[in-house]
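Welcome! Try each task with the structure open, then follow the solution step by step.

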Amino acid sequence: MRPTGPKGPDMRVTIAGVELCSPVIAASGTFGYGIEFEDILSLDRIGAFVTKGLSREPMAGNPSPRIIETAAGMMNAIGLQNMGVHAFIAEKLPKLRKIKGVVTIANVFGFTIEDCIEVIHALNDAPGIAMYELNASCPNTSHGGMVFGTNHELLFDLASRCRAVSKRPLIVKLSPNVTSIGLMARVAADAGADAVSLVNTFLSLAIDPETRRPRIANVTGGLSGPAIKPIAVRMVNEVSRSVRIPILGMGGIVRAEDAVEFMLAGATAVQVGTASYADPRAVENIANNLKKWCASHHIPRVSELTGTAIL
Ligand SMILES: Cc1cc2nc3c(=O)[nH]c(=O)nc-3n(C[C@H](O)[C@H](O)[C@H](O)COP(=O)(O)O)c2cc1C
């Protein structure tokens with residue numbers, strides 16, 4: 001039996017040179033701009049949080065209804081509603097910077113490569129951001145988003161040009177709506193990505209049998225939550241076999257054991273999204289319970305879990 005040290009297991013992980021106090025991160029789009037959660041949980045006790053996708057200009061998003069509950073999950077077509085990168089820098093970032101120990105990852109979105117580059121340029125000059133996560137995978141916009149993440153030439157172009165202007169580590173968020181996610185991860189890595197994150201939501205459709213109409217105004221939406229977890233774990237494992245850069249795994253994580261599963265499959269860190277809708281403290285609870293899980297399983301360093309599934 002191995003000792004876990006007087007303070008318990010070491011929960012630190014490192015991604016592209018950035019050290020996190022825990023591998024459990026709040027996922028983009030489900031945690032606002034972070035600051036809204038200040039009174040709900042301890043932002044310095046979670047590994048990091050990812051902002052809502054930031055675009056060059058503010059975006060109103062898609063018409064309602066744009067969120068529905070499904071069996072073991074939810075569908076959304078928010079359409080990347082956000083305040084825009086400049087308002088984020090002016091209004092949210094100064095408040096975040098006052099909270100000690102918070103790690104902010106800015107999620108970047110654009111309809112064109114030039115849009116993304118402009119967002120990154122704006123963020124480059126703002127202090128208090130640890131990394132960027134480039135959303136190459138949103139299924140809820142008619143152009144940009146998933147279009148980048150499902151075409152390997154476009155993905156290479158997007159990732160390499162964004163990497164060239166990024167002053168901070170660049171995580172490329174991959175779409176699961178592809179035939180080979182391992183190939184797309186390789187393309188991102190070849191383009192210079194410092195890490196990849198996966199999965200974004202699965203393109204989906206729900207129809208009301210009474211009205212025969214889609215339940216979501218956008219017609220299609222993105223499926224998330226526990227329903228997608230086994231597919232996401234399989235994809236993380238596939239990606240771990242095709243790239244050497246760190247992987248941030250997500251999709252349906254609601255408890256510590258789910259996080260362990262993603263790490264065993266090959267993830268260095270994990271993100272928690274939909275679970276925050278059911279319980280706004282979910283990310284911190286999962287981080288705390290992961291530490292307890294490591295202690296009870298005599299694992300001195302959580303980083304030892306990565307890629308150790310016996311498959
Ligand atoms: C309501 C909602 C909004 C989201 N918005 C974004 C976003 O702006 N950018 C992004 O990269 N991912 C976004 N996502 C995807 C999540 O970050 C995550 O990849 C996905 O939901 C799978 O994880 P989960 O099953 O834990 O929710 C959103 C997800 C939901 C449910």
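**Exercise 1. In this predicted model, find the residues that line the second largest pocket, and the elements they come from.**

Solution. 
- Step 1: Start at the centre of the second largest pocket, where Val254, Thr274, Ala275, Tyr277 and Ala278 lie nearest among its 17 lining residues.
- Step 2: Move on to the elements. Strand 5 (67–70), strand 6, helix 8 and helix 9 (282–296) each give at least two residues to this lining. Helix 9 contributes the most, with four residues.
- Step 3: Sort the lining by class: ten residues are nonpolar, four polar and three charged.

**Exercise 2. Describe the largest pocket by its volume and by the classes of its lining residues.**

Solution. 
- Step 1: The largest pocket holds about 330 Å³ of space.
- Step 2: Look for its lining, which includes Lys7, Asp10, Arg12, Arg45 and Lys291. Cys21, Ser22, Ala287 and Asn288 are also among the lining residues.
- Step 3: By class, this lining has five charged, four nonpolar and three polar residues.

**Exercise 3. Where does the ligand sit, and what lines that space?**

Solution. 
- Step 1: Count the cavities of 30 Å³ or more: there is one.
- Step 2: The ligand is found in the largest cavity, a space of about 490 Å³.
- Step 3: Of the 34 residues lining the largest cavity, Ser28, Thr30, Asn76, Asn200 and Thr201 are nearest its centre.
- Step 4: Strand 6 (73–76), strand 16 (269–272) and helix 8 (275–278) each provide at least two residues of this lining.
- Step 5: By class, the cavity lining has 18 polar, 14 nonpolar and two charged residues.

**Exercise 4. Which residues surround the ligand, and how much of its accessible area does the protein cover?**

Solution. 
- Step 1: The ligand is surrounded by 25 residues, and Ser28, Lys173, Gly225, Gly252 and Thr274 are the closest.
- Step 2: Divide this shell by class: 15 polar, eight nonpolar and two charged residues.
- Step 3: Look at the ligand's oxygen atoms. A side-chain N or O atom of threonine 274 is 2.6 Å from one oxygen atom of the ligand. A polar backbone atom of glycine 252 lies 2.7 Å from a ligand oxygen atom, and for a backbone N or O atom of glycine 53 the distance to a ligand oxygen atom is 3.2 Å.
- Step 4: Finish with the cover. On its own, the ligand has 600 Å² of accessible area, and the protein covers 97% of that.

Note on methods: Residues numbered from 1 in each chain as written. Predicted model: local features only at pLDDT ≥ 70, side-chain atom pairs only at ≥ 80, totals over all residues. Heavy atoms only, no water. Near = heavy atom within 4 Å. Polar contact = N/O pair within 3.5 Å; in protein donor to acceptor, adjacent residues only side chain to side chain. Areas by Shrake-Rupley, 256 points an atom, 1.4 Å probe, with all protein chains shown as cover. 1 Å grid on protein atoms, 1.4 Å probe; cavity = no way out; pocket = protein on both sides within 12 Å on 5 of 7 lines; lining within 4 Å. Sits in = over half its atoms within 2 Å of the grid points. Nonpolar A, V, L, I, M, F, W, Y, C, P; charged D, E, K, R; others polar. Points joined across faces, edges and corners; volume = space filled by probe spheres on them.
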